[in-house]
Amino acid sequence: MPDHQPLCRHCQHPVKGRADKKFCNDYCRNAHHNLLNSATTNAVRNINHCLQKNRRILENLLPPSRQLIRTSAEFLQYRGFNFHYHTHILTSSRGNQFFCCYDYGYRWMDAVTVMVMKQESASVNQSGQKHFFPRSVNTLH
Ligand SMILES: [Zn+2]
């Protein structure tokens, strides 16, 4: 057996055959890729779940007639809001940064208070400029 006989990336057994072979056989190759794909799918699913939950929490706070409402970060957290995840950041014409989860967002008023807003999709044009935020819109992700 050569010193550097490669090991199968899936089952870690020595691979026989060509030096650049990475898997014992098709079974190991498929099993390895299925594992990778399911890990990726789970990571994406978990974060999507957080983002959608965040959006729902913000949506439930805002009555249909209002575009802005003030609340406490503690209250959001109590409802299960996850401050680690947002889809993008909007900067208002006054330079305030709104952390958005899809079409809803919030900004910090002080260390404990947040302002929740709904982005009016009807006023979003193709360049991403908002009627609500006429001057600058920054997308960080
Ligand atoms: Zn194998």
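Trainee: In which sense do strand E2 and strand E3 pair, and over how many bridges?

Mentor: As a general idea, strands of a sheet pair through backbone hydrogen bonds, either parallel or antiparallel. In this model, which is predicted, strand E2 (residues 88–91) and strand E3 (residues 97–101) pair in the antiparallel sense over 4 bridges, and Ile89 stands opposite Phe99 in E3.

Trainee: What do E2 and E3 form, and how many residues are between them?

Mentor: E2 and E3 form a hairpin with 5 residues between them, and in its turn Gly95 has a positive phi of about 90 degrees.

Trainee: What is the order of the strands in the open sheet?

Mentor: The open sheet has 5 strands in the order E1-E5-E4-E3-E2, with antiparallel pairing. Its edge strands are strand E1 (68–72) and E2, each of which pairs on one side only. On average, neighbouring strands of this sheet are turned by 30 degrees against each other, direction ignored.

Trainee: Over how many bridges do E1 and strand E5 pair?

Mentor: E1 and strand E5 (residues 113–118) pair over 5 bridges, in the antiparallel sense, and here Leu68 stands opposite Met117 in E5.

Trainee: How do the elements of the protein run from the N terminus on?

Mentor: The protein has 2 helices and 5 strands, and from the N terminus on they run α-β-α-β-β-β-β.

Trainee: What share of the residues counts as buried?

Mentor: Of the 141 residues of the protein, 15% count as buried.

Note on methods: Residues are numbered from 1 along each chain as its sequence is written. This is a predicted model: local features need pLDDT of at least 70, side-chain atom pairs count only at pLDDT 80 or more; totals for chains, interfaces and linings use all residues. A residue is buried if 20 or more other C-beta atoms lie within 10 Å of its own, exposed if 12 or fewer, and partly exposed in between; C-beta atoms are placed from the backbone. Two strands pair if DSSP finds at least two bridges between them. Axes are lines fitted to C-alpha atoms, for helices over the stretch in contact, and angles run from 0 to 180 degrees between N-to-C directions.
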